[in-house]
Amino acid sequence: MSMDAKARKALNLIQECVAAKRYVVLTHFAKRMDLRGFFWADVLAVINDPGDVRFDGHDRFDRPKWIVCGETIDGLDVGLVCAIDRDERGNVTVFITIY
């Protein structure tokens, strides 16, 4: 997998946020996980070993949005849409949707 420096930096931030439990899972994301039969382990598999990471503009709160694509533990293709936010304690990843 090749990615540019911005994508690498975003992926590192997302990974750091998840490792530090600095993330928010939106209701929409959780519902999509349930509908598609995904588990948190599937999300972690994609974040830890993505096939592609690309910038997807900004969300409605003007946060940079990234799509992280990869395979689940079972080899299913998955895309995660995440926004990177910042609060008084540091960076936070917001999981918007999964497909």
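Tutor: The protein chain has three helices and five strands, where helices (H or I, at least four residues) and strands (E, at least two) are DSSP runs numbered from the N terminus. The model is a predicted one, in which local features need pLDDT of at least 70 and side-chain atom pairs count only at pLDDT 80 or more, while totals for chains, interfaces and linings use all residues. Residues are numbered from 1 along each chain as its sequence is written, and side-chain values use heavy atoms, with hydrogens and water left out.

Followed along the sequence, the elements come in the order α-β-α-α-β-β-β-β. The radius of gyration of the chain, taken over C-alpha atoms, is 12 Å, close to the 13 Å that the globule rule (2.2 Å times the number of residues to the power 0.38) gives for 99 residues, so the chain is as compact as a globular protein of that length. Along the principal axes, its C-alpha atoms fill a box of roughly 35 × 30 × 25 Å. Of the 99 residues, 43% are buried, a word that stands for under 20% relative accessible area, with exposed meaning over 50% and partly exposed the range in between (1.4 Å probe, protein chains only).

Now to the rings. Rings of Phe, Tyr and Trp (its six-membered ring) pair if their centres lie within 6.5 Å, and planes under 30 degrees apart count as stacked, over 60 as edge-to-face and the rest as tilted. By this rule there are five aromatic pairs in the chain. In one of them, Tyr-23 and Phe-95 have ring centres 5.9 Å apart and planes at 80 degrees, so this pair is edge-to-face. Because Tyr-23 belongs to strand β1 (residues 23-25) and Phe-95 to strand β5 (residues 90-98), the pair ties together parts that are 72 residues apart in sequence. Tyr-23 is partly exposed at a relative accessible area of 28%, whereas Phe-95 is buried, at 0%.

Another edge-to-face pair joins Phe-55 and Trp-66, with 5.2 Å from centre to centre and 65 degrees between the planes. Phe-55 lies in strand β2 (residues 52-58) and Trp-66 in strand β3 (residues 64-71), so here the parts that are tied together are 11 residues apart in sequence. Phe-55 is partly exposed, with 44% relative accessible area, and Trp-66, with 8%, is buried.

Ring pairs also link Tyr-23 and Phe-95 with Phe-29 and Trp-40 into a cluster. Strand β5, which holds Phe-95, is also the place of Thr-93, a buried residue at 0% relative accessible area. When its neighbours within four places in sequence are left aside, Thr-93 is in contact (heavy atoms within 4.5 Å) with residues including Tyr-23, Leu-13, Ile-14, Cys-17 and Val-24.

Most residues other than glycine have a negative phi. Lys-21, however, has a positive phi of about 60 degrees although it is not a glycine; Lys-21 sits in the loop between α1 (5-19) and β1 and is exposed, at 67% relative accessible area. Asp-62, in the loop between β2 and β3, also has a positive phi, near 65 degrees, and is exposed at 57%.
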